[in-house]
Amino acid sequence: MDSCCIDKTSSAELTEAINSMFQWYAQSDICLAYLADVEDPTDDNPLGEDSSFRRSRWFTRGWTLQELIAPSEVLFFSRNWTVVGTKYDLADVIEATTSVD
């Protein structure tokens, strides 16, 4: 849980963490991405053009790229901890949103 264990008030610790994150995620079995601003997929289709998944703040964070490409598996959860999908299930939406293949 990187957001819970990085002291963001310490620029030295934050820099070290950001520089180490790719390796941390690459060595993980799975990355769980909790998206507090995303509706459950039964209420809001994540593939939809104006879905809350496409508009999620997660796509604007500094370490999103490491979380997305380093781990072999990423599992996205909605605000109610409902599975939205994996990075493979949502690959087309993620590519359209991030411009990352």
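Predicted model: local features only at pLDDT ≥ 70, side-chain atom pairs only at ≥ 80, totals over all residues.
Residues are numbered from 1 along each chain as its sequence is written, and side-chain values use heavy atoms, with hydrogens and water left out.

**View 1. How confident is the predictor, and where is confidence lowest and highest?** The score is pLDDT, the predictor's confidence in each residue, from 0 to 100. The chain averages 88, and 95% of the residues score at least 70. Helix α1 (residues 2-5) is where confidence is lowest, with a mean of 54, whereas β3 has the highest, at 97. Helices (H or I, at least four residues) and strands (E, at least two) are DSSP runs, numbered from the N terminus.

**View 2. Three strands make an open sheet.** The strand order is β1-β2-β3, and the pairing is mixed. Two strands pair if DSSP finds at least two bridges between them. The edges belong to β1 and β3 (83-86), each with a single partner strand, so one side of each has no neighbour in the sheet. From one strand to the next, the twist averages 20°; axes are lines fitted to C-alpha atoms, for helices over the stretch in contact, and angles run from 0 to 180 degrees between N-to-C directions. Four bridges join β1 and β2, which run in the parallel sense. Look for Leu-32, which stands opposite Leu-75 in β2.

**View 3. Trp-58 meets its aromatic partners.** Rings of Phe, Tyr and Trp (its six-membered ring) pair if their centres lie within 6.5 Å; planes under 30 degrees apart count as stacked, over 60 as edge-to-face and the rest as tilted. That rule gives six aromatic pairs. One of them joins Trp-58 and Phe-59: the ring centres are 5.2 Å apart and the planes sit at 80°, so this pair is edge-to-face. Trp-58 also pairs edge-to-face with Phe-76, at 5.1 Å centre to centre and 85° between the planes. Trp-58 is in the loop between β1 (31-34) and α3 (64-69), and Phe-76 is in strand β2 (residues 74-77), so their pair ties together parts 18 residues apart in sequence. Trp-58 is buried at 4% relative accessibility, and Phe-76 is buried at 0%. Phe-53, Trp-58, Phe-59 and Phe-76 make up one aromatic cluster.

**View 4. Trp-58 again, now as part of the largest nonpolar core.** A nonpolar core is a set of buried Ala, Val, Leu, Ile, Met, Phe, Trp, Tyr and Cys residues joined through side-chain atoms within 4.5 Å. This core has 20 residues, and the ones touching the most other members are Leu-35, Phe-53, Trp-58, Phe-76 and Ile-94. Two or more residues come from each of α2 (11-26), β1, β2 and α4 (91-98). The largest share, three residues, is from α2. Leaving aside residues up to four places away in sequence, Trp-58 touches Ala-33, Leu-35, Thr-64, Glu-67, Leu-68 and Phe-76, where contact means heavy atoms within 4.5 Å.

**View 5. Asp-40 sits in the loop between β1 and α3.** Asp-40 is buried, with a relative accessible area of 11%. Its contacts, not counting residues up to four places away in sequence, are Ser-78, Asn-80 and Thr-82. Arg-61 is 21 residues from Asp-40 along the chain, and their C-alpha atoms are separated by 21 Å.

**View 6. Trp-81 and Ser-99 both have a positive phi.** Most residues other than glycine have a negative phi. Trp-81, in the loop between β2 and β3, has a phi near 60°. Trp-81 is exposed, at 52% relative accessible area. Ser-99 lies in the segment after α4 and has a phi of about 65°. Ser-99 is exposed too, at 66% relative accessibility.

Notes
Buried < 20%, exposed > 50% of the residue type's maximum accessible area, 1.4 Å probe, protein only.
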